[in-house]
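Open your viewer and get ready to click. We will start at one residue and then step back to the whole chain.

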Amino acid sequence: MKEKYQPIACGFYDELVRLASRKTHCRLHLKDASGSERQLLTSIKDIYSRQKVEYLLLENGEEIRLDHILQAEPAEPK
């Protein structure tokens with residue numbers, strides 16, 4: 001069974017929207033379903049919801065649930 005979606009804080013959502021709208025390269029700190037943490041250097045292509053769960057669509061096509069993002073910050077591309 002999938003874990004229940006936990007909506008994120010409005011201020012954090014607004015920051016993700018800013019990063020996406022400016023096409024800013026960013027560093028995302030994530031947790032996966034097992035609780036392990038990882039980082040991605042990427043750009044956000046879109047933010048959307050599907051079946052009452054909100055997602056980021058990344059430049060590589062990967063989808064990330066917003067409640068799996070621990071932190072997002074602007075970053076220089078590699």
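Leaving aside its neighbours within four places in sequence, which residues is arginine 65 in contact with? Select arginine 65 and look around it. Its contacts beyond those neighbours are Glu3, Lys4, Tyr5, Val53, Glu54 and Tyr55. Keep in mind that this is a predicted model.

**Stay on arginine 65.** Colour by secondary structure. Arginine 65 lies in strand S4, which covers residues 63-65. Is arginine 65 buried or exposed? Its relative accessibility is 11%. Buried means under 20%, so arginine 65 counts as buried.

Show both side chains. The side chain of arginine 65 makes a polar contact with that of aspartate 67, at 2.7 Å.

**Now select the whole protein chain.** Switch to the cartoon view. Follow them along the sequence: the pattern is α-β-β-β-β-β.

**Check the overall dimensions.** The C-alpha atoms fill a box of roughly 35 × 25 × 25 Å, taken along the principal axes. For 78 residues, a compact globule would have a radius of gyration near 12 Å. The protein chain has 12 Å, so the two agree.

The accessible surface of the protein chain is about 5300 Å². Carbon and sulfur atoms account for 48% of that surface. Of the 78 residues, 36% are buried.

**Last, colour by charge.** The protein chain has 13 positive and 13 negative charges. How far apart are their mean positions? They are 3 Å apart.

Conventions. Residues are numbered from 1 along each chain as its sequence is written. This is a predicted model: local features need pLDDT of at least 70, side-chain atom pairs count only at pLDDT 80 or more; totals for chains, interfaces and linings use all residues. Side-chain values use heavy atoms; hydrogens and water are left out. Helices (H or I, at least four residues) and strands (E, at least two) are DSSP runs, numbered from the N terminus. The radius of gyration is taken over C-alpha atoms; the globule rule is 2.2 Å times the number of residues to the power 0.38. Buried means under 20% relative accessible area, exposed over 50%, partly exposed in between (1.4 Å probe, protein chains only). Accessible areas come from the Shrake-Rupley method with a 1.4 Å probe; for residues, only the protein chains shown count as cover. Lys and Arg count as positive and Asp and Glu as negative; His and the chain ends are not counted. The place of a charge is taken as NZ of Lys, CZ of Arg, CG of Asp or CD of Glu. A polar contact is a pair of N or O atoms within 3.5 Å; within protein, one must be able to donate a hydrogen and the other to accept it, and residues adjacent in sequence count only if both atoms are side-chain atoms. Contact means heavy atoms within 4.5 Å.
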